[in-house]
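Let me put it up first, then jot down what I look up.

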Amino acid sequence: MVTKLFPEIDKVYFIEKYTLIHILSGKGNIQVDFENYFDWQDKAIYLEKGQYIKFLSDDFLVRKIEFPDEAMFRNKDVRVLFKHLISLGYIDFNECSDCQNFLNNSVFSEETKQIIDISSKQWFWQNPFKASKSEYQIIFDVKEVIDEHFSNRLSNADLVHLINKNGIDAQALVQEKVGISISKLLSKKRLVESKRKIAFTDKSIQEISFEMGYKDDAYFNRVFKNTTGYTPSQFRSNFDYEERDIFVQDIIDLIQEYHKEKRSLDFYADKMNVSVKTLSKKTRNKLNVSVGQLIRNELINSSKSELAVNTPINEIAFKMGFEEPNHFSNFFKHHTGITPSEYKLEKYNS
């Protein structure tokens, strides 16, 4: 099923079928499974059943494609789109002419299998972990084992035995290509699923700790707080997805309006009628980022919009409140990895 969606800001959208989220227009940040992601324009996100997505801006237009045929997702090539490892997988449409041609010629077509095939080929072409196709299959075999057994109280040795049963040293491969150990992947999976149950169910913390494979709830509480900075109960209270307040909308609206001339936390705290400490803490609790990060991300988004229409760099620097063009260029490169001129060239050639 293909639908057009103007998402509500800060609303939790639960994924009930294998789904493609394609950002048609808009800018800002998104949150998937408790992680925030920035600069998501011109990218497509594939999400599994059970995940969720939130849009942290109110100007997105999204094409949402839900895939009815689950059999296709058992294909080992296709699963790379949906089984995210350490970050959120995506297809960069600026680098995929076949994706652009298909979607431009079938804006809301129900013929969805072709976009899966195109996207799979593009994902392997992007090659985010610089691995061969056979190595990718081993890496995603590891992910499937973790997804199946994360709550079974397995030791690291037990998990490695399950993964290496075919005589392949998958642990070394994952560490080399993904840059993280299998035990860290297991811990990350347990944490995400723990957060999911804490945020979206009314189960007791003791019950959740048992389901997640922890030996007792006191140990679970310690591990959770050491990892997140909050106890499970505090995390549940802060997330509270059913009681969305206007704080998120207000702070994002203010930053979108004033980010070019105002960088001071005092200014935003005064506008929100709270102390700087309260503003910082509440922003972190609600959005998992700092106010400073939100301002920087908005500056980058606005700068990219200006660069895309070929505005001179010195003029952009002035618009963004920088005293000198080189200050702006240094800021842009520090946060994007490329200079404004290089970004302009990429947009021109794409």
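Before sorting any lining, I wrote down the classes: Ala, Val, Leu, Ile, Met, Phe, Trp, Tyr, Cys and Pro count as nonpolar, Asp, Glu, Lys and Arg as charged, and the others, Gly among them, as polar.

Ground rules next. I'm working with a predicted model, where local features need pLDDT of at least 70 and side-chain atom pairs count only at pLDDT 80 or more, while totals for chains, interfaces and linings use all residues. Residues are numbered from 1 along each chain as its sequence is written, and side-chain values use heavy atoms, with hydrogens and water left out.

**Entry: cavities**

I looked for cavities (sets of points on a 1 Å grid over the protein atoms alone where a 1.4 Å probe fits but cannot get out; lining residues have an atom within 4 Å of a point). Points are joined across faces, edges and corners, and a volume is the space filled by probe spheres set on them. I got 4 cavities of 30 Å³ or more. H14 gives the largest share, 4 residues. By class I noted 4 nonpolar, 6 polar and 1 charged residues in the lining of the second largest cavity.

Most residues other than glycine have a negative phi. I found Asp10 in the loop between strands S1 (2–5) and S2 (13–14). Is Asp10 buried or exposed? Asp10 counts as buried because its relative accessibility is 9%, and buried means under 20% relative accessible area (1.4 Å probe, protein chains only; exposed is over 50%, partly exposed in between).

Asp33 also has a positive phi, about 50 degrees. Asp33 sits in the loop between strands S4 (30–32) and S5 (35–37), and at 10% relative accessibility I logged Asp33 as buried.

**Entry: Lys64**

I found Lys64 in strand S8 (residues 61–66). Lys64 counts as buried because its relative accessibility is 18%. Leaving out residues up to four places away in sequence, Lys64 touches Met1, Val2, Thr3, Thr19, Leu20 and Ile21; contact means heavy atoms within 4.5 Å.

How values were computed. Helix = DSSP H or I, 4+ residues; strand = E, 2+ residues; numbered from the N terminus. 1 Å grid on protein atoms, 1.4 Å probe; cavity = no way out; pocket = protein on both sides within 12 Å on 5 of 7 lines; lining within 4 Å.
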